[in-house]
Amino acid sequence: MKPSPVLALDDLALAADARSLSLDLFPGDGYAVMGPARSGKAVLMDVLLGRDKAHRGKVRCDSRICQPREREYARRHTPQGLAKSLAKRSSGARLTEVLSALGLWDVRQTPVTSLEESQQAACDLLSVFLTEPAVALIDGQVDFLDPWARESLLELIDDGRKNGAAYVVATNLPAVAQRLGGIVVYSGMSPVYAGPVSQLLRATVATELVVQTDDPTTTRSMVEPFALSIRQEGNVLNIEADKGQELAARLLTMGYGSVGAVIVKEPTLAEALRQLV
(Lines give C-alpha, C1' and ligand atoms only; values in the text may rest on other atoms or scores of the structure.)
Protein backbone atom coordinates (compact mmCIF):
# COMPACT_ATOMS: atom_id res chain seq x y z
CA MET A 1 0.00 0.00 0.00
CA LYS A 2 1.41 3.37 -1.05
CA PRO A 3 1.93 5.79 1.85
CA SER A 4 -0.01 9.03 2.05
CA PRO A 5 1.82 12.22 1.09
CA VAL A 6 3.31 14.20 3.96
CA LEU A 7 2.98 17.42 1.95
CA ALA A 8 0.68 18.09 -1.00
CA LEU A 9 0.54 21.11 -3.29
CA ASP A 10 -2.85 21.25 -5.01
CA ASP A 11 -3.12 23.47 -8.10
CA LEU A 12 -0.87 26.05 -6.42
CA ALA A 13 -0.48 29.27 -8.44
CA LEU A 14 1.66 32.17 -7.22
CA ALA A 15 0.15 34.89 -9.43
CA ALA A 16 -3.00 35.53 -11.43
CA ASP A 17 -1.44 34.72 -14.81
CA ALA A 18 0.94 32.02 -13.54
CA ARG A 19 0.77 28.30 -14.22
CA SER A 20 -0.06 26.12 -11.24
CA LEU A 21 1.89 23.36 -9.54
CA SER A 22 0.51 20.12 -8.15
CA LEU A 23 3.01 17.95 -6.34
CA ASP A 24 2.89 15.28 -3.63
CA LEU A 25 5.83 14.66 -1.30
CA PHE A 26 6.06 11.26 0.32
CA PRO A 27 8.20 10.06 3.23
CA GLY A 28 11.85 10.03 2.18
CA ASP A 29 11.43 12.45 -0.74
CA GLY A 30 13.92 15.24 -1.36
CA TYR A 31 13.25 18.25 -3.60
CA ALA A 32 15.33 21.29 -4.43
CA VAL A 33 13.56 24.51 -5.41
CA MET A 34 15.55 26.48 -7.98
CA GLY A 35 15.16 29.40 -10.35
CA PRO A 36 16.64 32.80 -11.24
CA ALA A 37 16.10 35.89 -9.12
CA ARG A 38 12.41 36.90 -8.93
CA SER A 39 11.42 33.64 -10.61
CA GLY A 40 8.91 32.65 -7.93
CA LYS A 41 11.26 30.42 -5.96
CA ALA A 42 11.26 32.72 -2.93
CA VAL A 43 7.49 33.22 -3.12
CA LEU A 44 6.90 29.47 -3.19
CA MET A 45 9.03 28.99 -0.08
CA ASP A 46 7.18 31.84 1.65
CA VAL A 47 3.89 30.08 0.86
CA LEU A 48 5.15 26.73 2.11
CA LEU A 49 6.49 28.33 5.29
CA GLY A 50 3.24 30.20 5.91
CA ARG A 51 4.74 33.66 5.38
CA ASP A 52 2.59 34.39 2.32
CA LYS A 53 -0.52 33.12 0.57
CA ALA A 54 -0.79 31.67 -2.92
CA HIS A 55 -3.01 33.35 -5.51
CA ARG A 56 -4.97 30.09 -5.79
CA GLY A 57 -4.70 26.49 -4.75
CA LYS A 58 -3.66 25.18 -1.38
CA VAL A 59 -0.95 23.44 0.59
CA ARG A 60 -2.04 20.38 2.53
CA CYS A 61 0.08 19.06 5.36
CA ASP A 62 -1.09 17.09 8.37
CA SER A 63 2.45 16.25 9.42
CA ARG A 64 5.01 17.92 11.65
CA ILE A 65 6.90 20.62 9.72
CA CYS A 66 10.27 21.95 10.81
CA GLN A 67 12.20 24.93 9.49
CA PRO A 68 15.44 26.74 10.34
CA ARG A 69 15.45 29.36 13.05
CA GLU A 70 14.53 32.85 11.84
CA ARG A 71 14.74 34.89 15.04
CA GLU A 72 17.75 37.07 15.75
CA TYR A 73 20.32 35.80 18.22
CA ALA A 74 21.13 37.37 21.56
CA ARG A 75 24.59 37.51 23.13
CA ARG A 76 23.69 34.68 25.50
CA HIS A 77 22.97 32.25 22.67
CA THR A 78 25.68 29.69 21.93
CA PRO A 79 25.52 26.70 19.53
CA GLN A 80 25.63 24.29 22.48
CA GLY A 81 22.93 26.14 24.39
CA LEU A 82 20.67 26.24 21.33
CA ALA A 83 21.26 22.56 20.67
CA LYS A 84 20.41 21.59 24.25
CA SER A 85 17.20 23.60 24.15
CA LEU A 86 16.17 21.78 20.97
CA ALA A 87 17.44 18.29 21.79
CA LYS A 88 15.20 17.51 24.74
CA ARG A 89 14.28 14.17 23.15
CA SER A 90 17.66 13.57 21.55
CA SER A 91 20.62 11.78 23.07
CA GLY A 92 23.88 13.48 23.90
CA ALA A 93 25.47 11.50 21.08
CA ARG A 94 23.01 12.95 18.58
CA LEU A 95 23.68 16.47 19.85
CA THR A 96 27.41 15.95 19.41
CA GLU A 97 26.89 14.42 15.96
CA VAL A 98 24.83 17.35 14.68
CA LEU A 99 27.08 20.05 16.15
CA SER A 100 30.11 18.32 14.63
CA ALA A 101 28.46 17.79 11.24
CA LEU A 102 27.52 21.46 11.00
CA GLY A 103 31.05 22.57 11.90
CA LEU A 104 30.00 23.98 15.28
CA TRP A 105 31.68 21.67 17.78
CA ASP A 106 34.85 23.71 18.21
CA VAL A 107 32.81 26.91 18.69
CA ARG A 108 29.97 25.33 20.67
CA GLN A 109 30.41 27.73 23.62
CA THR A 110 31.06 30.84 21.54
CA PRO A 111 28.25 33.43 21.28
CA VAL A 112 26.47 33.00 17.97
CA THR A 113 26.70 36.74 17.36
CA SER A 114 30.50 36.41 17.29
CA LEU A 115 30.52 33.63 14.68
CA GLU A 116 31.05 33.92 10.93
CA GLU A 117 28.03 34.08 8.61
CA SER A 118 28.42 30.45 7.53
CA GLN A 119 28.49 29.33 11.18
CA GLN A 120 25.41 31.40 12.00
CA ALA A 121 23.63 29.72 9.08
CA ALA A 122 24.65 26.39 10.58
CA CYS A 123 23.12 27.48 13.90
CA ASP A 124 19.88 28.29 12.07
CA LEU A 125 19.78 24.67 10.87
CA LEU A 126 20.11 23.06 14.30
CA SER A 127 16.33 22.98 14.68
CA VAL A 128 15.98 20.88 11.53
CA PHE A 129 18.28 18.09 12.67
CA LEU A 130 17.66 18.01 16.43
CA THR A 131 13.93 17.43 16.10
CA GLU A 132 12.07 14.65 14.31
CA PRO A 133 10.05 16.37 11.58
CA ALA A 134 8.02 14.59 8.91
CA VAL A 135 8.77 17.54 6.60
CA ALA A 136 11.73 19.93 6.72
CA LEU A 137 11.65 23.19 4.74
CA ILE A 138 15.03 24.90 4.31
CA ASP A 139 15.03 28.31 2.65
CA GLY A 140 18.55 29.02 1.38
CA GLN A 141 20.66 28.39 4.49
CA VAL A 142 22.44 25.43 2.86
CA ASP A 143 24.06 27.78 0.34
CA PHE A 144 25.75 29.80 3.11
CA LEU A 145 27.59 26.84 4.62
CA ASP A 146 31.21 26.15 3.84
CA PRO A 147 31.79 23.12 1.55
CA TRP A 148 32.77 20.82 4.44
CA ALA A 149 29.72 21.61 6.57
CA ARG A 150 27.48 21.44 3.49
CA GLU A 151 28.63 17.91 2.66
CA SER A 152 28.06 16.80 6.26
CA LEU A 153 24.63 18.43 6.24
CA LEU A 154 23.70 16.54 3.07
CA GLU A 155 24.71 13.34 4.84
CA LEU A 156 22.35 14.28 7.70
CA ILE A 157 19.61 14.80 5.11
CA ASP A 158 20.38 11.39 3.57
CA ASP A 159 19.99 9.81 7.00
CA GLY A 160 16.78 11.71 7.68
CA ARG A 161 15.28 10.57 4.39
CA LYS A 162 16.13 6.96 5.18
CA ASN A 163 14.14 7.43 8.39
CA GLY A 164 11.14 8.78 6.49
CA ALA A 165 11.55 12.56 6.61
CA ALA A 166 10.93 14.60 3.46
CA TYR A 167 12.96 17.70 2.59
CA VAL A 168 12.30 20.78 0.46
CA VAL A 169 15.42 22.94 0.03
CA ALA A 170 15.60 26.27 -1.79
CA THR A 171 19.08 26.50 -3.29
CA ASN A 172 21.19 27.95 -6.10
CA LEU A 173 23.59 25.00 -6.05
CA PRO A 174 23.04 22.25 -8.66
CA ALA A 175 25.08 19.80 -6.56
CA VAL A 176 22.51 20.10 -3.75
CA ALA A 177 19.66 19.42 -6.16
CA GLN A 178 21.42 16.38 -7.58
CA ARG A 179 21.94 15.00 -4.09
CA LEU A 180 18.26 15.45 -3.21
CA GLY A 181 17.18 13.76 -6.44
CA GLY A 182 14.06 15.84 -7.09
CA ILE A 183 13.78 19.41 -8.36
CA VAL A 184 11.17 22.13 -8.88
CA VAL A 185 12.27 24.92 -11.23
CA TYR A 186 10.48 28.28 -11.42
CA SER A 187 10.63 31.04 -14.02
CA GLY A 188 8.33 34.04 -14.36
CA MET A 189 6.38 32.98 -11.25
CA SER A 190 5.46 29.69 -12.94
CA PRO A 191 6.83 26.17 -12.55
CA VAL A 192 8.68 25.03 -15.67
CA TYR A 193 9.67 21.62 -14.33
CA ALA A 194 8.91 19.43 -11.33
CA GLY A 195 10.21 15.92 -11.01
CA PRO A 196 13.38 13.82 -10.87
CA VAL A 197 16.69 15.48 -11.73
CA SER A 198 17.58 12.47 -13.88
CA GLN A 199 14.49 12.96 -16.03
CA LEU A 200 15.24 16.67 -16.47
CA LEU A 201 18.75 15.83 -17.69
CA ARG A 202 17.43 13.34 -20.24
CA ALA A 203 14.78 15.76 -21.49
CA THR A 204 16.90 18.89 -21.93
CA VAL A 205 20.54 18.06 -22.69
CA ALA A 206 21.89 15.41 -25.06
CA THR A 207 24.74 13.15 -24.02
CA GLU A 208 27.93 13.46 -26.05
CA LEU A 209 29.90 10.38 -27.07
CA VAL A 210 33.39 10.39 -28.52
CA VAL A 211 33.98 7.11 -30.38
CA GLN A 212 37.34 5.94 -31.70
CA THR A 213 36.83 3.34 -34.43
CA ASP A 214 38.77 1.53 -37.17
CA ASP A 215 35.63 1.42 -39.33
CA PRO A 216 33.86 4.81 -39.14
CA THR A 217 31.39 3.99 -41.93
CA THR A 218 30.06 0.83 -40.27
CA THR A 219 30.02 2.41 -36.82
CA ARG A 220 28.17 5.43 -38.16
CA SER A 221 25.50 3.21 -39.71
CA MET A 222 25.00 1.49 -36.33
CA VAL A 223 24.40 4.71 -34.40
CA GLU A 224 22.53 6.86 -36.94
CA PRO A 225 19.04 5.60 -35.92
CA PHE A 226 19.74 6.60 -32.30
CA ALA A 227 21.80 9.77 -32.72
CA LEU A 228 20.69 13.40 -32.84
CA SER A 229 23.88 14.46 -34.63
CA ILE A 230 27.13 12.86 -35.79
CA ARG A 231 30.38 14.65 -36.63
CA GLN A 232 33.33 12.73 -38.02
CA GLU A 233 36.98 13.70 -37.64
CA GLY A 234 39.15 10.99 -39.16
CA ASN A 235 38.60 7.79 -37.17
CA VAL A 236 36.75 9.63 -34.39
CA LEU A 237 32.99 10.14 -34.30
CA ASN A 238 31.46 12.85 -32.10
CA ILE A 239 27.88 11.82 -31.41
CA GLU A 240 25.01 13.52 -29.59
CA ALA A 241 22.25 11.21 -28.35
CA ASP A 242 19.39 11.22 -25.85
CA LYS A 243 20.31 7.87 -24.29
CA GLY A 244 24.07 8.07 -24.27
CA GLN A 245 24.78 5.27 -21.80
CA GLU A 246 22.57 2.81 -23.70
CA LEU A 247 24.14 3.79 -27.01
CA ALA A 248 27.64 3.38 -25.57
CA ALA A 249 26.76 -0.14 -24.40
CA ARG A 250 25.36 -0.98 -27.84
CA LEU A 251 28.52 0.27 -29.53
CA LEU A 252 30.81 -1.75 -27.30
CA THR A 253 28.71 -4.88 -27.85
CA MET A 254 27.90 -4.67 -31.57
CA GLY A 255 31.08 -2.90 -32.59
CA TYR A 256 33.46 -5.30 -30.90
CA GLY A 257 36.72 -5.36 -32.83
CA SER A 258 36.13 -2.13 -34.73
CA VAL A 259 35.34 0.22 -31.82
CA GLY A 260 38.50 0.97 -29.89
CA ALA A 261 37.13 3.32 -27.21
CA VAL A 262 33.96 5.16 -26.21
CA ILE A 263 34.04 8.26 -23.99
CA VAL A 264 30.67 9.35 -22.57
CA LYS A 265 30.36 13.02 -21.59
CA GLU A 266 27.29 13.22 -19.35
CA PRO A 267 25.32 16.49 -19.29
CA THR A 268 25.38 18.51 -16.08
CA LEU A 269 22.41 19.90 -14.20
CA ALA A 270 23.83 23.41 -14.62
CA GLU A 271 23.69 22.94 -18.40
CA ALA A 272 20.15 21.62 -18.22
CA LEU A 273 18.99 24.57 -16.11
CA ARG A 274 20.51 27.06 -18.54
CA GLN A 275 18.63 25.43 -21.40
CA LEU A 276 15.39 25.19 -19.44
CA VAL A 277 15.27 28.80 -18.22
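Which element gives the most to the lining of the largest pocket? That is α7, with three residues. The model here is predicted: local features need pLDDT of at least 70, side-chain atom pairs count only at pLDDT 80 or more, and totals for chains, interfaces and linings use all residues. Residues are numbered from 1 along each chain as its sequence is written, and side-chain values use heavy atoms, leaving out hydrogens and water.

**Confidence**
- The chain averages a pLDDT (the predictor's confidence in each residue, from 0 to 100) of 90, and 98% of the residues score at least 70.
- Confidence is lowest in helix α11 (residues 244-254), at a mean of 75, and highest in β3, at 98.

**The largest pocket**
- A pocket is an open set of points on a 1 Å grid over the protein atoms alone, with protein on both sides within 12 Å along at least five of seven lines; lining residues have an atom within 4 Å of a point.
- The largest pocket has a volume of about 250 Å³.
- Of its 15 lining residues, Arg94, Thr131, Glu132, Gly160 and Asn163 lie nearest the centre.
- α5 (126-129) and α7 (147-162) are the elements giving two or more residues to this lining.

**The largest cavity**
- One cavity (a set of points where a 1.4 Å probe fits but cannot get out) of 30 Å³ or more turns up in the whole structure.
- The largest cavity has a volume of about 60 Å³, and its lining includes Leu7, Tyr31 and Val184.
- β2 provides the largest share of that lining, three residues.

Conventions: Grid points are joined across faces, edges and corners, and a volume is the space filled by probe spheres set on the points. Helices (H or I, at least four residues) and strands (E, at least two) are DSSP runs, numbered from the N terminus.
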